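My notebook for today is open. I want to look things up one at a time and jot down what I find.

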Amino acid sequence: MPAPSRLDGTDWTALSGELDEHGHALTGPLLTPAECRTLAALFDEPERFRSTVDMARHRFGSGRYRYFTHELPTLVGELREACYPRLLPIARDWAARLGAPAPWPDELAEWLAMCHAAGQAKSAQILLRYGPGDWNALHRDVFGDLLFPLQVVIGLDVPGTDYTGGEFVMTEQRPRAQSRGSATTLPQGHGLVFTTRERPVPSRRGWSAGPMRHGVSTVRSGRRHTLGLVFHDAA
Ligand SMILES: O=C(O)CCC(=O)C(=O)O
Ligand SMILES: [Fe+2]
């Protein structure tokens with residue numbers, strides 16, 4: 001199926017409402033189970049990746065992820081390309097509410113050229129693999145000054161069957177109050193769109209930025225793979 005029509009199974013108006021409210025929202029199915037298995041198996045093809053991160057070594061949690069080279073698998077490149085124009089109006093709307101700059105052009109290629117010119121020239125698309133006991137510490141995928149505020153993670157396994165535990169976790173820091181947490185189980189082939197840094201939160205004066213972080217709870221059994229799509233490149 002061509003990548004843009006893969007996104008037709010998602011109600012983008014409803015998704016944008018969910019994103020507003022929670023800072024994250026699930027898409028409909030984007031990949032078939034067979035495509036998910038094919039993508040997860042790429043983890044064992046080292047030539048596809050520019051580097052591998054041992055999360056425990058960096059105290060990012062436990063598990064491994066690998067950054068694809070710029071020669072992305074066709075499916076990954078197409079999905080990322082297809083997601084960008086869907087997310088762009090939301091990113092612009094949020095920036096307008098927050099009174100923040102919205103430097104993102106209509107074309108992903110043009111935005112990436114801006115990232116590269118600013119020294120953020122490395123691919124930031126990742127494949128992650130977690131086994132029993134692995135987890136991902138709460139973090140933000142900010143790699144430099146240039147940032148696209150929304151990203152997508154796609155679940156590649158069947159939760160409850162291929163693995164247990166391993167919920168996608170988000171926290172939202174509230175002003176002068178304790179943080180709110182949420183957990184989402186990623187259905188196989190579905191994407192979770194979430195904010196990289198913050199969501200606009202209604203405040204007495206209009207809107208303020210609610211800082212958010214994401215991570216993954218401990219995988220209790222089996223193996224969990226995800227594909228991470230980020231729209232800015234890394235330094
Ligand atoms: O494995 C996950 O669900 C989250 C991975 C992650 O941190 C990301 O995609 O940015
Ligand atoms: Fe992340």
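The entries below go from the whole chain to single residues.

**Entry 1: ground rules.** I note that this is a predicted model, in which local features need pLDDT of at least 70 and side-chain atom pairs count only at pLDDT 80 or more, while totals for chains, interfaces and linings use all residues. Residues are numbered from 1 along each chain as its sequence is written, and chains are lettered from A and ligands numbered from 1 in the order in which they are written.

**Entry 2: confidence.** I looked up pLDDT, the predictor's confidence in each residue, from 0 to 100. The protein chain averages 97, and 100% of the residues score at least 70. For the complex, the predictor gives an ipTM of 0.99 and a pTM of 0.98.

**Entry 3: the whole chain.** How many helices and strands does the protein chain have? I get five helices and 15 strands. Both are DSSP runs numbered from the N terminus: helices are H or I with at least four residues, strands are E with at least two. The radius of gyration is 17 Å, close to the 18 Å that the globule rule gives for 235 residues, so the chain is as compact as a globular protein of that length. That radius is taken over C-alpha atoms, and the rule is 2.2 Å times the number of residues to the power 0.38. Along its principal axes, the C-alpha trace spans about 50 × 40 × 35 Å.

**Entry 4: a record.** UniProt, in an unreviewed entry, lists residues 120-234 as "domain: Fe2OG dioxygenase". I remind myself that UniProt positions are in the numbering used here, that feature names are shortened, and that annotations may be inferred rather than shown by experiment. In the model, the end C-alpha atoms of residues 120-234 lie 5 Å apart. The span is 0% helix and 54% strand.

**Entry 5: around the ligand.** Which residues surround ligand 1? My list reads L128, N136, D141, Q151, V153, F168, H214, V216, T226 and G228. Being near here means that the C-beta atom, placed from the backbone, lies within 6 Å of the molecule. The shell divides into four nonpolar, five polar and one charged. For sorting, Ala, Val, Leu, Ile, Met, Phe, Trp, Tyr, Cys and Pro count as nonpolar, Asp, Glu, Lys and Arg as charged, and the others, Gly among them, as polar. Strands β7 (150-155), β13 (206-216) and β15 (224-229) each supply at least two residues of this shell.

Entry 6: I traced the strand pairs next; two strands pair if DSSP finds at least two bridges between them. β3 (residues 61-62) and β6 (residues 135-139) pair in the antiparallel sense over two bridges, and N136 in β6 is the bridge partner of G61. β6 also pairs with β13, antiparallel, over two bridges. There, V216 in β13 is the bridge partner of N136. Both N136 and V216 are on my ligand 1 list.

Entry 7: Is β11 (residues 190-195) mostly covered or mostly open? Mostly covered: six of its six residues are buried. Buried means 20 or more other C-beta atoms within 10 Å of a residue's own, exposed means 12 or fewer, and partly exposed is in between, with C-beta atoms placed from the backbone. H190, L192 and F194 point one way from β11, and G191, V193 and T195 the other way. β1 (residues 24-29) pairs with β11 in the antiparallel sense over four bridges, with L26 as the bridge partner of L192. β7 and β11 pair in the antiparallel sense over five bridges, and V152 stands opposite V193. Across the protein chain, buried residues make up 33% of the 235 residues.

**Entry 8: arginines in loops.** R197 lies in the loop between β11 and β12 (198-203). Why is R197 partly exposed? Because 17 other C-beta atoms lie within 10 Å. R59 is in the loop between β2 and β3, and R59 counts as exposed because it has 8 C-beta neighbours inside 10 Å. Phi of R59 is near 60°, a positive value in a residue other than glycine. R176 sits in the loop between β9 (168-172) and β10 (180-184). With 4 other C-beta atoms within 10 Å, R176 is exposed, and its phi is near 50°, also positive.
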